[in-house]
Amino acid sequence: MTDTVIIHTDGACSGNPGPGGWGAVLQHNGHIKELKGGAAETTNNKMELTAAIEALTALKRPCKVELYTDSQYVKNGISSWMFGWKKNGWRTADKKPVKNTELWQALDEVAKRHDITWHWVKGHAGDELNERADRLANEGMAPFKGAR
């Protein structure tokens, strides 16, 4: 796993739930790939998770990944909470079902292929690539905004 890919992801939602979008910027050896998509009825957390899943799924082979997200939910979930959830049969510490289990399981599965370091960045704080991922998420949401 000598290839290092830098990924910035973001999710957006108009209303929560409501129409939403996700975006990702992948950088590798001077190349940039942008991804985006959306859904008519979703939540911000689902879009944040989907951005990470789609970005990692787009990698054609196992890579070393530096993944930047402005979502504490995604960063803490994957690096802290998931171990306990899995041990407890996808239940939280207070025995409630984990929200968005299917997305967490998908993220867990796709993440296994890669050596990922997860980073949190403050959203809307001038980080150029986080802002770019945010624009992509809003573009991904745009076709669904009138579909409610």
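Helices (H or I, at least four residues) and strands (E, at least two) are DSSP runs, numbered from the N terminus. Everything here comes from a predicted model, where local features need pLDDT of at least 70 and side-chain atom pairs count only at pLDDT 80 or more, while totals for chains, interfaces and linings use all residues. Residues are numbered from 1 along each chain as its sequence is written, and side-chain values use heavy atoms, with hydrogens and water left out.

**View 1. Gln72, a residue in helix α2.**
Is Gln72 buried, partly exposed or exposed? Gln72 is partly exposed, because its relative accessible area is 37%; buried means under 20%, exposed over 50%, and partly exposed in between (1.4 Å probe, protein chains only). Setting aside neighbours within four places in sequence, Gln72 is in contact with Gly77 and Trp120, contact meaning heavy atoms within 4.5 Å. Thr57 is 15 residues from Gln72 in sequence, and their C-alpha atoms are 21 Å apart in space.

**View 2. The largest nonpolar core, with its 31 residues.**
A nonpolar core is a set of buried Ala, Val, Leu, Ile, Met, Phe, Trp, Tyr and Cys residues joined through side-chain atoms within 4.5 Å. Look for Ile7, Leu56, Trp104, Leu107 and Trp118, the members that touch the most others. At least two residues come from each of β1 (4-13), β2 (18-28), α1 (44-57), β4 (64-69), α2 (72-87), α3 (101-111) and β5 (115-120). Which element gives the most to this core? That's α1, with seven residues.

**View 3. Strand β1 and its partners β2 and β4.**
Seven of the 10 residues in β1 are buried, leaving this strand mostly covered. Two strands pair if DSSP finds at least two bridges between them. β1 and β4 run parallel and are joined by six bridges; one spot to check is Thr4, whose bridge partner in β4 is Lys64. With β2, β1 pairs in the antiparallel sense over eight bridges, and here His8 has Val25 as its bridge partner.

**View 4. The β1-β2 hairpin and its turn.**
Four residues sit between the two strands of this hairpin, and Gly15 in the turn has a positive phi of about 90 degrees. Pro17 is in the loop between β1 and β2, and the peptide bond from Asn16 to Pro17 is cis, with omega near 15 degrees. For background, most residues other than glycine have a negative phi, and most peptide bonds are trans.

**View 5. Helix α2 packed against helix α3.**
The packing angle is about 95 degrees, with the axes 11 Å apart. Axes are lines fitted to C-alpha atoms, for helices over the stretch in contact, and angles run from 0 to 180 degrees between N-to-C directions. α2 and α3 are therefore roughly perpendicular, a label for angles of 65 to 115 degrees (under 35 is roughly parallel, over 145 roughly antiparallel, the rest oblique). Tyr73, Val74, Gly77, Ile78, Met82, Trp85 and Lys86 in α2 meet Trp104, Leu107 and Asp108 in α3.
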